[in-house]
Amino acid sequence: MKKILVTVAAAGVLAAGGAATAFAAEDDGDGARGERRVTDVKVTAEQAAAAALKAVPGGRIESIELDDDAAGKRAWDVDILSGNTFRDEVVDANTGTVTTNEKDDDRNEGDDRDDARRLNAAKIDAVQAARTALQTAKGTVTSVDLDDDGKSWEVELTGADGTERELRIDTATGKVTANAADDDQNDDQDGDDRNDGAGDGDDDEGDDD
């Protein structure tokens with residue numbers, strides 16, 4: 001899951017996306033993918049980012065993702081850099097309240113230095129990447145994440161019809177370098193189609209007998 005200045009106008013753009021009726025695919029932990037609602041989420045990605053940064057002034061967001069909290073409620077999981085330390089924040093997706101704000105002890109110290117360097121080198125921040133994505137494709141932003149080499153932001157959107165797209169935004173120029181349907185969603189659909197057709201040949205052979 002992964003310096004934001006928020007304006008009312010920009011918040012309105014993301015709020016419009018957040019109002020769309022849609023579902024997003026979600027891994028259930030066993031490799032299967034179900035559906036999670038984004039329709040009822042009242043707090044947009046940018047609004048959640050603003051809440052997270054209010055709790056950690058001067059921080060820089062590495063990633064933000066719509067997920068479930070420990071109680072199973074819709075929440076935004078935000079990874080944020082404060083000085084040289086990454087913190088894990090959870091923002092309630094319906095109220096905008098920060099419910100968790102703690103040091104991320106699961107991270108490796110050496111990796112943290114490299115991640116911080118890549119994040120600080122990015123000229124385009126997470127919210128700017130989200131705005132650019134929404135200007136390119138319609139939908140609801142469900143995640144923004146800095147890729148491993150620090151050269152792109154990966155932004156996932158869910159359209160009103162449930163279609164998922166992944167866009168890549170250059171961290172130096174802010175340009176869209178990729179805009180495609182989510183491969184995992186396509187793979188899931190292809191697998192369902194194959195499963196639906198399984199057994200047809202056996203049935204036909206049985207009829208011939």
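Accessible areas here come from the Shrake-Rupley method with a 1.4 Å probe. On that basis, the protein chain of this predicted model has an accessible surface of about 11200 Å², and 43% of that surface belongs to carbon and sulfur atoms. The chain has 209 residues, of which 42% count as buried. As for the overall make-up, there are six helices and 10 strands.

Let's start with the sheet. Eight strands make up an open sheet with antiparallel pairing, and reading across it gives the order S6-S5-S4-S3-S7-S8-S9-S10. Strand S6 (98-103) and strand S10 (176-181) sit at the edges with a single partner strand each, so one side of each has no neighbour in the sheet. On average, neighbouring strands of this sheet are turned by 20 degrees against each other, direction ignored. Two helices come up against this sheet. Helix H2 (residues 45-55) packs on it and touches strand S3 (60-68), strand S4 (74-82), strand S5 (85-92), S6 and S7. The direction of H2 makes about 125 degrees with that of S3. Helix H3 (residues 109-121) lies across S3, S4, S5, S7 and S8, and runs at about 105 degrees to S3.

Now for a walk through some of the strand pairs. S3 and S4 run antiparallel and are joined by eight bridges; one of the pairings puts Leu66 together with Trp76 in S4. These two strands form a hairpin with five residues between them, where Gly72 takes a positive phi near 85 degrees. S4 then pairs with S5, again in the antiparallel sense, over eight bridges. Here Ser82 stands opposite Thr85 in S5. The S4 and S5 hairpin has two residues between its strands, and Gly83 in the turn has a positive phi of about 65 degrees. S4 itself is mostly covered, with eight of its nine residues buried. Further along the sheet, strand S7 (residues 140-146) and strand S8 (residues 152-158) run antiparallel and are held by six bridges. In that pair, Thr140 has Thr158 in S8 as its bridge partner.

Gly59 is found in the loop between H2 and S3. Is Gly59 buried or exposed? The cut-off for buried is under 20% relative accessible area, so Gly59, at 2% relative accessibility, counts as buried. The C-alpha atoms of Gly59 and Leu81 are separated by 5.3 Å, although the two residues are 22 apart along the chain.

Next come the charged side chains. Side chains of opposite charge can pair when their charged atoms come close. In this model the count comes to five salt bridges. In one of these, Arg131 pairs with Glu46, and the closest N and O atoms are 3.3 Å apart. Arg131 belongs to helix H4 (residues 126-136) and Glu46 to helix H2, so this pair ties together parts that are 85 residues apart in sequence. Glu46 is buried, with a relative accessible area of 1%.

The side chains of Arg118 and Asp115 meet at 2.5 Å, N to O. Both residues are in helix H3, three residues apart, which separates them by about one helical turn. An α-helix has 3.6 residues a turn, so residues three or four places apart point the same way. Asp115 is buried, with a relative accessible area of 16%.

Arg168 lies in strand S9 (residues 164-170) and Glu154 in strand S8, so the pair ties together parts that are 14 residues apart in sequence. Both residues are partly exposed: Arg168 has a relative accessible area of 24%, and Glu154 has 23%. Asp147 joins in as well, giving a network of salt bridges that links Asp147, Glu154 and Arg168.

Finally, there is helix H4. At its start, a side-chain oxygen of Asp125 reaches to within 3.1 Å of the backbone nitrogen of Val127. Which residues of H4 are buried? They are Ala126, Val127, Ala129, Ala130, Thr132, Ala133 and Leu134.

Technical notes:
Residues numbered from 1 in each chain as written. Predicted model: local features only at pLDDT ≥ 70, side-chain atom pairs only at ≥ 80, totals over all residues. Heavy atoms only, no water. Pairing = 2+ DSSP bridges. Helix = DSSP H or I, 4+ residues; strand = E, 2+ residues; numbered from the N terminus. Axes fitted to C-alpha atoms, helices over the stretch in contact; angles between N-to-C directions. Contact = heavy atoms within 4.5 Å. Salt bridge = Lys/Arg side-chain N within 4 Å of Asp/Glu carboxyl O. Buried < 20%, exposed > 50% of the residue type's maximum accessible area, 1.4 Å probe, protein only. Polar contact = N/O pair within 3.5 Å; in protein donor to acceptor, adjacent residues only side chain to side chain.
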